[in-house]
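Please look through the following report with the sequence and the structure side by side. It takes up a sulfur link and then the surroundings of a ligand.

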Amino acid sequence: MRVSRTRGLLITAAVGALLATSACSGGDSSSSGSGSAKQLEVFSWWTSGSEDAGLKQLVAGFKAANPGVKVVNGAVAGGGGSNSQAVLQTRLQGNNPPDTWQTHPGKAIGEYINSGILADLTSVYDEDGLEKVVPKELVTSVSAKGKIYGVSTGAHRGNELWFNKKLLAAAGVEITASTTPEQFVKALGKLKDKGTTPLCVGAKDAFAPAQLFENTLLGEIGPDGWNKLVAGKSSWTSPEVKRAAKLFSQMLPYIDPDASALTWDQATKRLAAGECAVMSMGDWAYGELVKDGAKDGSDFGYVPEPGTDGSFIMVVDTFVVAENAKHREQGLKWASAISSKDVQLAFSKEKGSTPIRTDVPTDSLPAYQQAAADSFRKDSLLQSIVHGEAVSPQFQQSFYDAVTQFIQSKDVDSFVKYLASAATS
Ligand code: GAL
């Protein structure tokens, strides 16, 4: 199921409906609707092995702090959240918001903030002293007009390349942090010549091929170019963007022929099983590889996406609480519980992410995650297009659509023109 191109409009309509009724349904309705105050519905798209394990850690942390509260898992399958977003919009439209739901900072949460449907979580930040330990930029990216509306669990690096070490060795291919995008395309060719399926892509999840392009784009335009592009200060038809599209088109013949039938986590399993060699994916792939029993160092390796060393596209999972949630008070307690140091660490261990709080000791995390945590502290931090942080939901959807069409057409000029027109509409 794909989200329609009118996703942004849907959000606007949905929140309008919600606002119209929120005045009368109001606040914590312990005695109304579906339930007692001793309940909380958590809505997310975390259903893969590692995602579900990460979610369970959040729930365990919440339950430990709030014994006796029933947690309803409202997760809707579909990597990157496309399916869950569609369900969420319908629920918002029907004035049936989940108590708390997963989103991302920046434009993604901004859509809900601007519509006035979120509970103010500033008191949670104040009571738990979170402003001292959450990086300022992140607090800002979930805030508006001095109020804070989201709590973040972990940051994933979006621009990472994962590979099956044995397949690369067998093909005599080496990919390092200094491999250029052009060398990377050649390496894919070499893998194919050896009879290996070069690129693992879970294209059933629309975000996965879009992520491959997002990462290729960053490799060509760099962090400054990225910030200009998403701020509308440079053009989608620039030679750099065209070069990225060209490179992306050169990668397409190396994609697993079964890609369209696979979700991102199924593609990850194929990488671990040696059925394909290389995958462009965020740090959640680390959690999934480990969950699948693959061993870091002997079975799989990783480097920043070619051309992107020193940049960190941060994909930050963030929870919000509905202002007129059926269990608003429990929602606020959820926000507090999942912000605690222990819960953040336990979550990141399963999920492959970096704890958002700077006071969480990372020395018990695997070496990869420790290195990612270092990068998170020193690299150029960028917001993701694919995960809706840097751009509006409408443009995010156009980006997915453009990539899907480009995979068929391989027409660079139409692709960049489509993006340019979507960026200005
Ligand atoms: C991202 C999310 C990650 C991971 C991924 C794949 O949007 O931030 O936590 O779940 O989607 O589903």
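## Disulfide and ligand site

Cys-200 and Cys-276 are joined by a disulfide, with an S to S distance of 2.3 Å; a disulfide here is a pair of cysteine sulfur atoms within 2.5 Å. By this rule the count comes to one disulfide, and the link of Cys-200 and Cys-276 is right-handed, with 115° about the S-S bond.

This is a predicted model, in which local features need pLDDT of at least 70 and side-chain atom pairs count only at pLDDT 80 or more, while totals for chains, interfaces and linings use all residues. Residues are numbered from 1 along each chain as its sequence is written, and side-chain values use heavy atoms, with hydrogens and water left out.

Around the ligand there are 14 residues, of which Glu-51, His-104, Asp-317, Lys-351 and His-387 come nearest; a residue counts as near if one of its heavy atoms lies within 4 Å of the molecule. The shell around the ligand divides into six nonpolar, five polar and three charged residues, where Gly is placed among the polar ones. At least three residues of this shell come from each of domain 1 (7-153 + 317-363) and domain 2 (160-307 + 392-424), with bounds taken from an automatic or database domain assignment.

The table gives polar contacts, which are pairs of N or O atoms within 3.5 Å.

| Residue and its atom | Distance to an oxygen atom of the ligand |
|---|---|
| Asp-317, side-chain N or O | 2.5 Å |
| His-387, polar side-chain atom | 2.8 Å |
| Gly-80, backbone N or O | 2.9 Å |

Of the 300 Å² of accessible area that the ligand has on its own, the protein covers 100%, by the Shrake-Rupley method with a 1.4 Å probe.

Methods:
A polar contact is a pair of N or O atoms within 3.5 Å; within protein, one must be able to donate a hydrogen and the other to accept it, and residues adjacent in sequence count only if both atoms are side-chain atoms.
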